[in-house]
Structure formats: structure tokens, C-alpha cells
Amino acid sequence: MISGNSIWRRGRRRVILVALVAVGLFSGFNVARNVWASEPASGGQASKTAAIKAAINAAVAPLADIETAFIAIGERIEPSVVSIRVTKNIKTAGNDMGNAFRFFQDMPGFEGQQPFRQMPRTFKMQGAGSGVIVRQDGWILTNDHVVGGADKVTVKLHDGREFDGTVRRDYRSDLALVKINASNLVPAELGDSDRVRVGQWALAFGSPFELQDTMTHGIISARARQQEIGGRGDARAYTNLLQTDAPINPGNSGGALVNIHGQVIGINVAIESPSGGSVGIGFAIPANTAKNVMDQLINKGKVTRGFLGVLPRPLTFEQKQKYGVSDGAMVAQVTDGTPAARAGIQPEDIITRFNGRAVVDDGSLRDAVARVEPGKRVEIVVRRNGRDMTLNTTLDSAPDPLTVAEKPEVRESQGKLGIRVETLTPDSAKQYKVSGPTSGAVVAEVMSGSPAEEAGLQPGDVIVRANGKPIASGQDLTDAVKNLKSGDTVNLVVHRDKSRSLVSIKL
């Protein structure tokens, strides 16, 4: 842990370095000008040029040291970063070309056209991404969204060699491993992402837009970002991401985010961008998360995670003052029959320590629970009624989203409407006592004073249509309202008890 004074001192040194460089350049050119002015008229041009060159070299020496360091990092990491191409065979059902047409209609030249009457029953969809060699014997770390579901994966090394690869994947973390039949590769070193601090240098490596061996640089902009990324029913929840302004673009996914010591501190995963290109907001999965997933995939072929059975929420400033804690995670919900219920954890408890480690927020609690081996007994410290209590329980195994369901439950926060919804599943239907609809977005929470509350929405309501569009998931509702603005009206078809009603909400 670095103290505030240490960070300040380090920041001050960087400011001083920049100031010295600027002063050096100014003084260097002044020296050169004085040398020029004092040189006798009969003096040679060569001596003047040499004096100016020497002054400039002295002034830019600090910059040259930084440049040399960047070059060294690039030469160390580039042999460990690979380019990945994937091919997926898309099959259509007879003459029903809906899925195929949806794939083509976003491509240039096909906008607005109607589905083709005659199309092949199978076509190939191709994609590209990046990866990082993590072992000499051919194991490569990348994102699950790069290689998941692919029929063929091709890896291109830094030296130009290409290999077909086999995949082991973990949907929940969005990480995967590709194994190629190669040896004596150059593995990258995985660093300790828990030691990463905002403001430190960060360098991104990968193949943006299939431009292999690309290196960009920036800083760590933020830590512990929680993002839900994706759409059209394919959203994934990321509970602990590093944010960087090092330029990351499509194709960088699966590549390395590296510190100045040449250690991989993250796996590039996504960007926030209205244009589809880098605007200085990129995200990476921390290296410590990647280590845990990687080791399990190599040794066991799959990833198992601990399961506690609580829905944690971040603490607001007011809640921290009210409950007398500086950090922790608020328990918003406890599921019956789970380890949390057996331990006696209750809603409104504040979990401050888990398995011997401090809990900073809800994201750190989720990560801590996931890293514990199922079946292990853990100690949990909670704040309740102003007192700390120590509880014990044995963790269950978290369900595998690829076997229990095609993807994990989608939770959406509808800020415009003032509700929190969940994709309707058999489990959520049972939890909210829903009978009738089998798909939709079930209202889990209605914010006080929100447009939804004024319109009469209640927890347990199931939204099945929004502005004429069918709603099958929380993400569908997000897509339906994302372009609406203040003053607009959204018309919802809501199922409650045994009836469906039209509810109009003005934003």
C-alpha cells in the first residue's frame, strides 16, 4: 500500500521532471543562441552546428531516457502478444432467414433492404482479436467474447507463424485460453493487479483493426469499475475492471495492458465509445482475476467459484455515516437455503470483512467470494445495529451460466424510468411470485419519487412490451428506452397478477 504522502511525492517528482525538461530545452536553445552570437565571424559553420547539437542533446536527455524505456518494454512484450482470427459457421433454418438477414443488414450496402428469398443455409462469420502467451508450452490467454462459440481459431505469432488452436472458456469472467501445438514460446509475466494505482503508466498491446504488434500508452484512469457491457440479450456484468486512457480499439480485446516493468496487469476487454473507436476510456480485466481463471482452466478444464447467496449493494456516503463504517457492502437481499441464510446474514447487514480480508465495496465482495473454493468454511464480519458480529458458513458452488442457462442473469438499472429490473427466469419468477408470462423484464425495485413510482409500477410487475416492442429481457428494455429524452413518454404493457395493463410513463 502506498501512502498519500508517497503518492504526492511521486507526483511532485513527475512535475519536477517535466519542469526540468522544459527548462532544459529553453536553456539549451539559449546556450545554442549565445554560442552562435559569440562565435567570431570567421568561425566555421561546423563548430556552430556542433555546439547547437550538443545543447539540444543535453536538454532532451530526460526525454530520451523515457523513450528508451518505452522501446525496451515494447521489445519485451511484443513477442508474447498474438493476433487471433476466428470463424463461426452460421446455420439458417430452411427459408427462415431472420438471423442471417439481421447479420447482413448492418453491413454497408445492405441498409434498408428486405431479406433475400434465396440464401445459402450456411455462411461463415469471421472476427479478430488479440491474446497473450502465458506459458511456453502454447497456452494463450484472451477474452471469451473473442473465441467463444468459434468453429475455428487461428493464432498468428509475432514471428509470423500460424497455428490452429483449441479453446477452454469461462463465460462469467469473459476470459478464455487457446492452446496451440507449439513450444519454446515467450510467455509474458503476470503482475499483481491489486497493487495498481491510479496515475501509473499503462501500455496497451494487441491487434486493433487487425494491425498486429500495435503498442499505445497512457495511464491507469480508475480502478474497480463496475460495468455491464453488451446488448441484445448478450450483456455481461464485470464487477472489477481497470480503466485506462491508453488507446484501445476493436481488435485489442484479449491483448495485454502492461506496466512500466513489462508486467501484464490486465487483459483488454472493452471500450466506452459513441463512435466505436477509442475516445480515451478503455477497460481491462485485472491480472489477478485472469491468474485465478487461467490456473483453473489449465488444471481442471473449468472454473469453479464460491457462492454466498446475497445481493450486495455499494454504500452511499450517508449510509457510511449512518452505520459508522468507512467501507463495506450493504446486503440488499438474502436467498433462502444459501450459505448466507445458513450463517444468519440479514438484509441491511454491512459486510466489512470476508475470509480474513477487508471488504471495500460490493465489487470487492463479489470477487472475494468467487475466488474461494466451494466447500470451504469462511469467516464473515458484519455490522448490525451498531455492533460487529462474526459469522461462519461453508460456501456452495456458483452455478455455471453455460450449463444452467446460456448466459448469466441480466440485471438492468433503468435510470430514466427509476426502476431496477431483472430478466425473467424461472428463479426470478418464483422469487417475485410471477405466474403467466415466461419472458420479460421483472421489476425488482422502484425508486422513490421516480416516474415509474408516479405511474404506479410495483416490484413483481413484468414488462412485456415497451413502445410497441416486445421485451424479453432487461437488456431489451434498456435498448427500448436508451434514446428517449426528458419529456418523452414510454408506453409499457405490464403483467400483474392475472392481467396485462398499459402504463404510460412521462420521463
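Begin the tour at the second largest pocket, which is lined by 24 residues, and select Asp194, Arg223, Arg357, Val360 and Ser364, the ones that lie nearest its centre. A pocket here is an open set of points, on a 1 Å grid over the protein atoms alone, with protein on both sides within 12 Å along at least five of seven lines, and lining residues have an atom within 4 Å of a point. What you have open is a predicted model, in which local features need pLDDT of at least 70 and side-chain atom pairs count only at pLDDT 80 or more, while totals for chains, interfaces and linings use all residues. Residues are numbered from 1 along each chain as its sequence is written, and side-chain values use heavy atoms, with hydrogens and water left out.

Stay with this pocket, which holds about 770 Å³ of space, a volume being the space filled by probe spheres set on the grid points, which are joined across faces, edges and corners. Now colour strand E9 (214-229), strand E10, strand E18 (357-358) and helix H9 (362-370), each of which supplies at least two residues of the lining; the largest share, four residues, comes from H9. Helices (H or I, at least four residues) and strands (E, at least two) are DSSP runs, numbered from the N terminus. By type, the lining of the second largest pocket divides into 10 nonpolar, seven polar and seven charged residues, where Ala, Val, Leu, Ile, Met, Phe, Trp, Tyr, Cys and Pro count as nonpolar, Asp, Glu, Lys and Arg as charged, and the others, Gly among them, as polar.

Next, look for a cavity, that is, a set of points where a 1.4 Å probe fits but cannot get out. The count comes to one cavity of 30 Å³ or more, and the largest cavity has a volume of about 40 Å³. To find the largest cavity, select its lining: Glu78, Val81, Val82, Ser83, Phe205, Gly206, Ser207, Gln212, Asp213 and Thr214. The elements that give two or more residues to this lining are strand E1 (81-91) and strand E8 (201-206), and E1 gives the most, with three residues.

From there, select Asn252, in the loop between strand E10 (236-244) and strand E11 (256-258). Is Asn252 buried or exposed? Asn252 counts as buried because its relative accessibility is 2%, buried meaning under 20% relative accessible area, exposed over 50%, and partly exposed in between (1.4 Å probe, protein chains only). Leaving out residues up to four places away in sequence, Asn252 touches Ser130, Phe205, Gly206, Ser207, Pro208, Pro247 and Asn268, a contact meaning heavy atoms within 4.5 Å.

Move on to helix H2, whose buried residues are Lys48, Ala55 and Ala59. These cover an arc of only 35° around the axis, which puts them on the same side of H2; the arc is that of the directions from the helix axis to the C-beta atoms. Turn the view to the other side of H2, where Ala46, Lys53 and Ala58 are exposed.

Finish at Ala480, which is found in helix H13 (residues 474-481) and, at 16% relative accessibility, counts as buried. Ala480 and Asn467 are 13 residues apart in sequence, and their C-alpha atoms are 7.5 Å apart in space. Ala480 touches Ala466 and Ile471, not counting residues up to four places away in sequence.
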